Amino acid sequence: MRLPLRGRLARTLAAFGLAATLIPPVAATTTAADPLILRAGTTQTVQGLNPWSVVDVVDFEIMTLNYDTLVGFGQDVQPVPGFAESWTRSADGLTWTFKIRAGMKWSDGQPATSEDARWTMQYVLDATTAGRTLGLGYLEPYQTAAGVTAVSAPDSTTLIVKSNLDNPLLLQSYIPILPKHIWSKLDPKVASGTFQNPAPIVGSGPYQVVEYKPGQFVRLQRNANYWGQQGAADQIVITTFKNDDTMIQALKKGELDYARDVPAAQFDQLKSNPGGPIVTTDGVSNTFYELAFNCYAKPIPGGGASTKAVQDPAFRDALGYAIDKQAIVDKAFAGHATVGSTQITPFQAGWHAEPNDLRAFNIDTAKAKLDAAGYPLDASGRRLDKEGKAITLRLAWPGAPEEATAASLIVDWFAQLGIKVNAAPEDEAKLGAELLPPEADPPGKANFDMFIWDWVGDPDPTSLLKVLTSAEIGASSDSLWTNARYDELYKKQLAETDAAARHAEVAEMQQIMYDQAPYHVLYYPSQLDANRTDRFGGWRSQPSQNGNPLFGFGPLDYTYLTDAKAVVVPSASPATASPGSSEAAVASATAPTSSAVPSTSGNTSSSVPLLPLGIIALVVIAAVGLLVLRRSREAAEDE
Amino acid sequence: MSGRYLLSKVGQAIFTIVMLLILNFALFRMMPGSPERILGRNPNVSAEAIAATRERWGLDKPVFPDQFLGYVAATAQGDLGFSFVYRGLPVVDVLADRIWPTVILFGLGEIIAIVVGVALGAYTGWRRGGLVDHLGNGASLVLYATPYFLIGMTLLLVFAVGLGWFPTYGMFQIGATYNGYLDQLTDFASHLALPLATVALGLIGQYSIVMRSSIVETLGEEYITTARAKGILDRRILRRHAMPNAMLPMATLIAINLGYVVAGAITVEVVFNWPGLGTLTVDALTARDYPVLQGIFLILSVSVVVANLIADVGYQFLDPRVKA
């Protein structure tokens, strides 16, 4: 009686087994001819291949792998040869002459000359003079800030750029030099708009994208025509992970060589395993987080700050004594951050100037300063503003856990001063809209008191300094703060010829910001990355002192990479060989395999036509269905 | 089968889909914030650039009637618009790339779960009170109560990282060189195994519990006693008399479950970085990619309506009383 039933269960399981035949336990896909692939993981999503649409770090990374910038970024983010191999500047500082290397080729074999650079810069110039934005508008400010007025290419190796601003920003321009023979055929508006720039991409950078799946990954192939040193990786795959736990597991298992943005807890766990194949890097990021105040002075009907106190520098200064930044770093980041001070991050080591008279955390000092500034306590212990109203401040932040921890600490500290804080996380886009002043388009109501948010910088401090200028109210300014001296210094440093003088001006701007405190810069988060050393060697950090190996500025970090397995083979003693020579050996050893034209390797594409797989799924469904039918017929015959 | 019954059911389904279209449009416009505001956090971006972006995506036009009419007209022509986050890629292309991985993962997962869940439920119900029942029902309860995320992460840690049998993420080994189609299929299957097991395990518990209680209830009916009295074999009683009636609640459950496919897809696909609709939903939500979200919701809601229609029609075969 029981047996048939059990027998049937067995048959059901056999049907299940039919589906299970699709699932062999071990993946065996490696063959001898496999290219050496560098696999990197990130939690950011690539937004497209059109360089005019770059937004996130991963977009910039892919753009600079594809295309050279006119001048590259060295290991300490200093100007190094890029599309141009050298440059000179006229005595008045307004004319630049770039020497473009002779015989350079695009990845499709076409000659790459000064005409390509001229065309690209003219394209940007045409757009900015016509008041048109390119793509999302992230790139053309690099050329605008450098004051470029005219470009010309008198011969194939010379590019002359005229400027009306005497500053060195042209050497840090993030504009990719595009192949004229491809881009000039496009309508200028389409080129920076809806053009997808489909793979395979033609560029002059060390690697070009040959495969792109939106939201999933990009695969890049080494450019055999690249003018610089060849990296050991034949291909680079950058995969987007929706879940950082999975990314870390993949790194541990060896399915990834590099993981960007490792959560602090996992970072410490990976770090506690020295000698293993995984190396962790606690690098400085070019980011700061600030507690910002609504400094907008004019009244806004139905909006604005809840008290005029936040517009008073003395009030903001006093609150600064009630913020224990070290406690935030310890509690929110498990120590993986740097205590903040100014709007220029330590990543920009040459520009960051620690202010004089740093505030030391002391609740009693804060209380005394509030009393002195005219904010007394009432009988029930509430702090009153100058209108005699009890101060209650709103505090918002985009919902990240680190900011939430910082916010809850600030609520406690300010409560000790008699100031109630209503803290709540807010959706990023909603918060962004709430911060808008009446000057913005569409106009906003600046309906906030305080918020915690971040800014990310460039190699040059200009962009981070700009945020706090009064000209930016209605655009990027979010504290809506104004300071005439700050504005004056901003313009002055932009046109400064003398490096020392510019440093002094930038330092003064940081001091003004710190004293006036539209922002209390809370912390500079660390960039926590991890990489494996068993497949690739030659990892170098950028900046060399405190940076990270990949996802920095420019693509050179990839060209330093060596094949970790190949390095062991050469007869020359690895101890005596200099890093440069062993890299050269690897490059020459791997060169023959990479000499294939990138596009021919397109047939190794992993994009399986999904239709056949769907059909297989349907066949399995049908098979199971038939089996069930057959069994019920069998059962009928049993009678 | 009555033609009128079928017609009215189809009519209801079409009406539901039309209402969904309207809701689908309104829902995303009611969300706070706006997609181009994210640009405001870049110090290099000018106000003009933000305005240009609004114009490009048609966000400068009034929501009603301009945006709404445009949406209805385009949807009727099968044009779902352009993705914001993937910089103007047509939504249809974005969805086409992502729908198959989810259909394969959840289609196969559902089938395995139905077959195993029904068998397990019927067996434990039949052998109610025995050791198999206690073990089977206990396991089902545990699986039912465990979130996909936990099942997935456990499988990943044990079978992918610990034992190393399966890869940890993705659908293929990207950039791999294959020796023919079978090699490629093997790669796909090994990537599919763990997410598929997660989906199946998550559903088996649910199906088995419902099937068990349904069988237990049916076995108490008088016609079963009559059948026994007639001396019919036990296995035939179970198969011919108990199972068909016990299957009714299962049909409902399976149809309802299809609605949760994307909800489930989000967690399972996120764990294994499976490139389906779930991971796409996460991306589209964080970036406020209205057109892509609308496309996903449209696919999802239409598939739920169709699944319910099939269930309604299917009842006629399973339960003669429905043929009213």
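Predicted model: local features only at pLDDT ≥ 70, side-chain atom pairs only at ≥ 80, totals over all residues.
Author: Two strands pair if DSSP finds at least two bridges between them.

Reader: How many bridges join strand S12 of chain A to S18(A)?

Author: There are 7 bridges between S12 (residues 278-284) and S18(A), and the two run antiparallel. As one position to look at, Gly283(A) faces Gln527(A) in S18(A).

Reader: Which residue of S18(A) is the bridge partner of Tyr258(A)?

Author: Asn531(A) is that partner. Strand S11 of chain A, residues 258-260, has 3 bridges to S18(A) in an antiparallel arrangement.

Reader: What about strand S14 of chain A and S18(A)?

Author: S14 covers residues 337-339 and is also antiparallel to S18(A), with 3 bridges. Here Val339(A) has Tyr523(A) as its bridge partner in S18(A).

Reader: Is S18 of chain A mostly covered or mostly open?

Author: A residue counts as buried if 20 or more other C-beta atoms lie within 10 Å of its own. S18, residues 519-532, is mostly covered, with 14 of its 14 residues buried. For chain A as a whole, 50% of the 639 residues are buried.

Reader: How many helices and strands does chain A have?

Author: Chain A has 20 helices and 20 strands. Of its contacts between residues at least 6 apart in sequence, 69% link residues at least 24 apart.

Definitions and conventions:
Residues numbered from 1 in each chain as written. Chains lettered and ligands numbered in written order. Buried ≥ 20, exposed ≤ 12 C-beta atoms within 10 Å, placed from the backbone. Helix = DSSP H or I, 4+ residues; strand = E, 2+ residues; numbered from the N terminus. Contact = placed C-beta atoms within 7 Å.
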